[in-house]
Amino acid sequence: MNIPNDSDAISPERLQQALDIVRRIGEEIRRAVIGQHDVIDQVLACMLAGGHVLIEGVPGLGKTLLVRALAKTFAGDFSRIQFTPDLMPADVMGHAVFDLKNQSFSVRKGPVFAHLLLADEINRAPAKTQSALLEAMQERQVTIEGESHPLAPPFMVLATQNPLENEGTYPLPEAQLDRFLVKVRIAYPSEQEEQDMLGAVTRNRVGDGLDVAAVATLVRPDTIVALQQLTARIRVDDSVANYAVRLVRATRDWAGIAIGAGPRGSIALVRLARAMALLAGRDYVTPDDIKQAALPVLRHRIAISPDSELDGLNADQLLSALVQQIAAPRA
């Protein structure tokens, strides 16, 4: 796929070509991952927007399989790190080692040097190790012994956390949560999906290893970069951009929300809405795209009040009420 010039408008042919590629990537992922259609679409949209994903769900729902399948579709390098309380920043980023033969230091790069990094149970590592990812996520580079090393694009962090366990965990600080473009909640599969999963995993197979053999490699990493650049060119009308700003600003004084989203929230809304517009086959963003992006973009950027917690309310319920109340622009 050709990378468009800044002066080029998105032609219908180029838009359709991009849409076909993304749909085929989704179809290949679904060969390995049974169900979880919304999760797959949100992860694809986040990839198109050039963002990072925080996935919340109990163990065993296919998070690692999803990332491995996605990496295989574009021949991307994949790394997985199991975050633990004793994990050190050097275990993630890499470190300098002294070569006795050459009497010089060389850099041994860590697992962060990949296209897709799965940070499994990220909230089990201490703040020092969590914060080591901030530079990589924000600046797409890693500094080792004072020397900066760029990360090859596309670079995407997909971090998981278990919502049920608190013992031995270190909640992510707001500064790091804000670096994730979206927070995706992965739910239990339906009964039929679980039956299909059981058959796929146990039929003529030993063990329960993750199998992505059926997933085909469709494109190369530079094609994903081109898709991201095309997504950034999706048109956003001023009234739609203003709608995103009004939604985010409303979170700051909404009843039941103790801490609202910062300015990065409105930026993330527009970025994800652009990707959702492309997935819908459009070269422009609609207010409905902003609404669809609101929950995954904002749920981890707000803090609900103690009274709301006592009433049994959660972030999604409060945000859904907010979206319904804030008037959207009309065509």
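Some ground rules. Residues are numbered from 1 along each chain as its sequence is written, and side-chain values use heavy atoms, with hydrogens and water left out. Because this is a predicted model, local features need pLDDT of at least 70 and side-chain atom pairs count only at pLDDT 80 or more, while totals for chains, interfaces and linings use all residues.

Let's start with two helices. Helices here are DSSP runs (H or I, at least four residues), strands are runs of E of at least two, and both are numbered from the N terminus. Helix α1 covers residues 12-32, and helix α8 covers residues 221-231. Their axes are 11 Å apart, and the packing angle is about 125°. Axes are lines fitted to C-alpha atoms, for helices over the stretch in contact, and angles run from 0 to 180 degrees between N-to-C directions. So α1 and α8 are oblique to each other. The cut-offs: under 35 degrees is roughly parallel, over 145 roughly antiparallel, 65 to 115 roughly perpendicular, and the rest oblique. The crossing of α1 and α8 is left-handed. That means the near helix is turned anticlockwise from the far one by less than a right angle; clockwise would be right-handed.

Which residues of α1 and α8 make the contact? From α1, they are R14, A18, I21, V22 and I25. From α8, they are T223, I224, L227 and L230. Contact means heavy atoms within 4.5 Å. By class, seven are nonpolar, one is polar and one is charged. Nonpolar covers Ala, Val, Leu, Ile, Met, Phe, Trp, Tyr, Cys and Pro; charged covers Asp, Glu, Lys and Arg; the others, Gly among them, are polar.

Now a second pair. Helix α9 (residues 238-250) and helix α10 (residues 263-279) cross at roughly 140°, and their axes come within 9 Å. That makes α9 oblique to α10. This crossing of α9 and α10 is right-handed. A244, V245, L247 and V248 of α9 meet G265, S266, L269 and V270 of α10. The contact of α9 with α10 has six nonpolar, two polar and no charged residues.

On to salt bridges. The rule is a side-chain nitrogen of Lys or Arg within 4 Å of a carboxyl oxygen of Asp or Glu. How many salt bridges does this rule give? The count is 12. One of them joins R31 to E28, with the closest N and O atoms 3.2 Å apart. Both residues sit in α1, three residues apart, about one turn of the helix. R31 is exposed, at 55% relative accessibility, and E28 is buried, at 10%. Buried means under 20% relative accessible area, exposed over 50%, and partly exposed in between, with a 1.4 Å probe and protein chains only.

E56 and K183 form another, at 3.2 Å. E56 is in strand β1 and K183 in strand β9, 127 residues apart. Both E56 and K183 are buried. R299 and D316 also meet, at 2.9 Å, N to O. R299 lies in the loop between α11 and β11, and D316 in helix α13, so the pair ties together parts 17 residues apart in sequence. Shared partners join E56, K183, R185, R299 and D316 into one network.

Last, helix α3. Nine of its 11 residues are buried, so α3 is largely enclosed by the rest of the structure. Among the buried ones are K63, L65 and V67. The buried residues of α3 pack against several elements, including α1, α2 and β1. Just after α3, A75 takes a positive phi of about 55°.
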